[in-house]
Every structure is written in structure tokens, then in C-alpha cells.
Amino acid sequence: MAYGSAAMGNHIIGTGIAQPPLEVTNDDLSRIMDTSDDWILRRTGVARRRFVAPGTGASDLAVEACQLALDSADLTVDDIDLLVTATMTPDYFAPGIAPLVHNKLGLESGAAFDVRHQCSGFLYALDLADAQLASGRARTALVVGAEVHAGYLRFGQNWDVLRGRTDTINAADYAASTDSRGWAVLFGDGAGAMVLQADERSGGISTSALHTDGSLFKLIHVPGAGFVHQPWLDGTQLDAGLHLPHMDGSSLFKNAVRLMPAAVREVAAADGRTVDDIDLVVSHQANDRITVAMRAELGVDVETAPSNIAAHGNTTAATLPILFHELRSQGQVQSGDYVVFTAFGAGAHWGAIGYVVP
């Protein structure tokens, strides 16, 4: 069911992104696993991605993106009374990154929430912030999605090849990387943030439709490193790779291309609009084949539903704010535009949020 926002508009008044310095192309990956630029492009649409250095966490990227979003909004941390973070790759198992970002930014008050909804994390975080602002519990919120997938990737000693420290390939790590290439080539690191503020202007977040189907949780999940195990993590799980993502790519594709368009239509209908009235569909960047199929299902073109996965890879909770920031920076987001954000991810969680640009 779709739900409308409050009469006072909650507006996106600032955006910012953080991109790690190390850029890794498909040709770079072909040096450390059995793959090629053509193989990756045809299956995913990804041409390059960025990775953090060891010791850099999702909280660090989140802070950088938040600071740039604040600069964009011409605000300071003193103006923020709510922080909502989304990640599937926290710095530590516990706590999440919200208190770390809160501290590193220098926030002195206000609540901080962690949303752990993976690819749909930012969508849910944005809805949570909108609800908090609509209820009057806050006036200005920072919403950020940040990911450092590098820790999941089985590159081993061959990280030094990617970082230009050696040309010597470790054969065992080459084999491990090849074994996981079906999903490992998809991911990149990055962060995106938005400043959301309640004010009297027309427009703002209009309607949200969020959904969950727990029967689909095995579409993409990490079967190990959890408290159904005793101990929660041990060498047996590590040896079996249970601490790594397990993905049913075919079923994931089928559900994503069915459920994201349905959510987009649901939100548009609740706003008294049709798909033809949508100026921009800002969708999760999981795989370009999903985006292409979603466009076909909705009957929209690439200008209406753009993609930036070629330059970033799948940055999970950061894809929506990174894409929106780039479109906004390029002048492709105009006053009066009707924008629909949509995502599908692990859980399974999915949905859409409507937004009218003031």
C-alpha cells in the first residue's frame, strides 16, 4: 500500500558523494581472475569501479559524502537533528555505522538510525527520514548510503596487483577470485548523501510504497556469520565460504524486473499520475540488464531511467544517492520534475518513493 507524506514538503536541498581513489577497470580484473572486459560488460554493464584502501570504512565514506551534501545545502552539522545511515558493509559487526558517522561528523545531538536493508537500504532510510520530519520529530536530516565491498572480495594477495605494487599473480588467489567472479565483478565502493529538510515550499516527497517478502530471503544472503550458528563464526564457516554473499542471480533478476516497475506504478497512481508523467526514474544499479528490462517493462527510455553502473559498479545502498547526485549536478533534475526512486534488494525488500522537485 502506498502512503502519502505530510502537507509540508520534505525537500532534498543538498547532495554529495564520496568515491575512493583506486579505480579498477575490467581489464585490471582480467589480470587477477579468468574474465574479460567483454564478459563483464555483456553480463553486468560494469566497466570500472572504485575500492577503498585497507583501514577505510563505510563510515569514512559516509562522512565525506555527508560533508559535501551539507556544503551543497549551505548548512553545517549544527543544522542537523537527524541522521539515518544505510549500509550492508559496516565497519564492525556491531555497532552499525550510525554512531561512528555521528561522532566523526561532530554531531552533538539528534537521533541516529542504522538501516540494514542492503540494496534497498537507502530507499528505506529516505522513507524513515521523511516520516520523522513529517511527524515533527526533526526538521533537517542527513540520509546517507555507504558501502565498502572490498572486504568481501576474494582477491587476496592479488590486491597488490590492482594497487600497482607488484605484477606477480598469486595462483591460489586467482582461482578463488575466478570462483566468485559471477558476483565479484559487480561491486564497487562508494557513498552518497542527501540533506532532507521540511519547509513550506510546494513539492517534496509525496508518496512511498515499501514492501517485504521474507520468503525470498535466500535470493541473496550471507548464510554464515550469524547467531543461528554456535559459535556464530568459526573456521568451518570460513572454509566453506559461508561468510560471503550467496546469490540466486536468475530469480533475483526475475523478481527485480517485476517488482520495481510495479512499485513505480503504485506510487505514481497514488500521486494521481501515470508512468508517462514521470520525468526521472532513479533506480537501484544492481546490473544493467535489470535496468534495461525495467525500462522495457515500464515503457520508458534511457533518458527517463538513466544508468551509471558502468562507472561505479553496484554500490548497494549508495546507488540511489550517487545517481541522483550526478543527475542533479549535470542539470538533469529540474524544478517541477516528478522523480520516482526505486530499489529491490536482499530480504527481499523493495519499493518506490515519489518526489516532486521544488
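**View 1. Phe51, Phe155 and Trp159 are linked into a cluster by ring pairs.** Rings of Phe, Tyr and Trp (its six-membered ring) pair if their centres lie within 6.5 Å, with planes under 30 degrees apart counted as stacked, over 60 as edge-to-face and the rest as tilted. The model is predicted: local features need pLDDT of at least 70 and side-chain atom pairs count only at pLDDT 80 or more, whereas totals for chains, interfaces and linings use all residues. Residues are numbered from 1 along each chain as its sequence is written, and side-chain values use heavy atoms, with hydrogens and water left out. The structure holds 10 aromatic pairs. In the pair of Phe51 and Trp159, the ring centres are 5.2 Å apart and the planes stand at 90°, so this pair is edge-to-face. Phe51 belongs to strand E4 (residues 48-51) and Trp159 to helix H6 (residues 159-162), 108 residues apart; helices (H or I, at least four residues) and strands (E, at least two) are DSSP runs, numbered from the N terminus. Both Phe51 and Trp159 are buried, where buried means under 20% relative accessible area, exposed over 50% and partly exposed in between (1.4 Å probe, protein chains only).

**View 2. Phe93 and Phe227 form an edge-to-face pair, with ring centres 5.8 Å apart and planes at 65°.** Phe93 lies in the loop between strand E5 (82-86) and helix H4 (98-105), and Phe227 in the loop between strand E10 (220-221) and H9, so the pair ties together parts that are 134 residues apart in sequence. Phe93 is partly exposed, with a relative accessible area of 48%, while Phe227 counts as exposed at 59%.

**View 3. Arginine side chains sit over aromatic rings in two places.** The charged end of Arg181 is placed over the ring of Trp39, 4.8 Å from its centre. That of Arg273 sits over the ring of Tyr338, at 4.1 Å from the ring centre. The criterion is NZ of Lys or CZ of Arg within 6 Å of the ring centre and within 35 degrees of the ring normal.

**View 4. The largest nonpolar core has 33 residues.** Such a core is a set of buried Ala, Val, Leu, Ile, Met, Phe, Trp, Tyr and Cys residues joined through side-chain atoms within 4.5 Å. Among the residues with the most contacts inside this core are Leu126, Val282 and Phe341. Elements that each supply at least two of its residues include helix H5 (121-134), strand E8 (190-199) and strand E13 (338-345). H5 contributes the largest share, seven residues.
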